[in-house]
Amino acid sequence: MGSREEIVAAAAKVMREQGYAHATTKAIARAAGYSEALLYKHFKDKTEIFMSVLTERLPALGTTLDELMSSAADTPLAENLARLARITLSFYLESFPIAVSLFSSRELLATHRDRVMSRAGGPDVPLVRVSAYLGEEVRLGRVREDADLDAAASLLLGACFQYAFLASFEDREPSPGELDQWAERLAGTLVVAVAS
């Protein structure tokens with residue numbers, strides 16, 4: 001593993017333990033076993049490190065959506081939605097403890113929001129992508145043409161986010177079986193609402 005990958009791994013650990021707001025670049029560099037100067041050779045700022053943690057160290061929501069877009073027809077709708085719910089649950093469970101401290105200060109949130117939005121990587125991206133995936137299911141004739149795709153995507157993502165929030169609040173780690181069961185329940189409920 002190269003220094004960049006070690007820095008991202010250390011950042012994920014530090015951010016999980018301390019939250020984004022309190023995870024300094026100095027602490028990240030120390031946890032990785034490198035100087036802060038080396039950290040800045042790989043990353044412009046802490047926001048770039050955070051974005052790398054989200055895309056490289058957390059469950060691959062974007063990759064799953066790419067795969068669903070290209071192979072939706074190969075698997076039944078309920079299975080696709082359960083897979084999407086499972087990866088979304090995992091993503092939010094991993095990212096919630098990291099990102100929650102962004103809301104500790106309006107100034108910190110505003111600064112972070114400006115930097116993230118300038119990179120076209122805001123929290124609205126999953127909503128847009130899930131809605132686009134559901135549009136592919138409409139094209140395949142498995143989701144009703146009159147279904148509100150944005151609302152359906154919001155329901156799926158919102159339910160997953162709420163689940164992650166409660167698990168984080170209760171300081172509990174759901175078992176893989178529990179996540180699978182909840183993902184299947186979410187998918188089943190959504191299928192009833194939107195399937196043609």
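Mentor: Start with pLDDT, which is the predictor's confidence in each residue, from 0 to 100. This is a predicted model, with a mean pLDDT of 85 for the chain, and 90% of the residues reach 70 or more.

Trainee: Where in the chain is confidence lowest, and where highest?

Mentor: Lowest in helix α7, residues 106-118, with a mean of 70. Highest is α10, at 94.

Trainee: OK, α9. How many residues does it have, and how far does it reach?

Mentor: Helix α9 runs over residues 149-169, so to speak 21 residues, and spans 30 Å from first C-alpha to last, close to the 30 Å expected.

Trainee: Which residues of α9 are buried?

Mentor: Leu149, Ala152, Ala153, Leu156, Leu157, Cys160, Tyr163, Ala164 and Ala167. Viewed down the axis of α9, the buried residues fall within an arc of 120°, so they line one face of the helix. On the other side, Leu155 and Phe169 are exposed.

Trainee: What covers the buried residues?

Mentor: The cover includes α6 (77-99), α8 (125-139) and α10 (176-194).

Trainee: And what caps the N-terminal end of α9?

Mentor: Asp148, with a side-chain oxygen 3.3 Å from the backbone nitrogen of Asp150. Just after the helix, Asp171 has a positive phi of about 55°.

Trainee: Switching to the largest nonpolar core: which residues touch the most other members?

Mentor: Met15, Ile28, Leu84 and Tyr133, out of 57 residues in that core. Helix α6 gives the most to this core, with 11 residues.

Trainee: What is Met15 in contact with, leaving aside neighbours within four places in sequence?

Mentor: Its contacts include Ile28, Ile49, Phe50, Val53 and Pro97.

Definitions and conventions:
Residues numbered from 1 in each chain as written. Predicted model: local features only at pLDDT ≥ 70, side-chain atom pairs only at ≥ 80, totals over all residues. Heavy atoms only, no water. Helix = DSSP H or I, 4+ residues; strand = E, 2+ residues; numbered from the N terminus. Expected span 1.5 Å × (residues − 1). Buried < 20%, exposed > 50% of the residue type's maximum accessible area, 1.4 Å probe, protein only. Arc of directions from axis to C-beta. Contact = heavy atoms within 4.5 Å. Polar contact = N/O pair within 3.5 Å; in protein donor to acceptor, adjacent residues only side chain to side chain. Core = buried A, V, L, I, M, F, W, Y, C linked by side-chain atoms within 4.5 Å.
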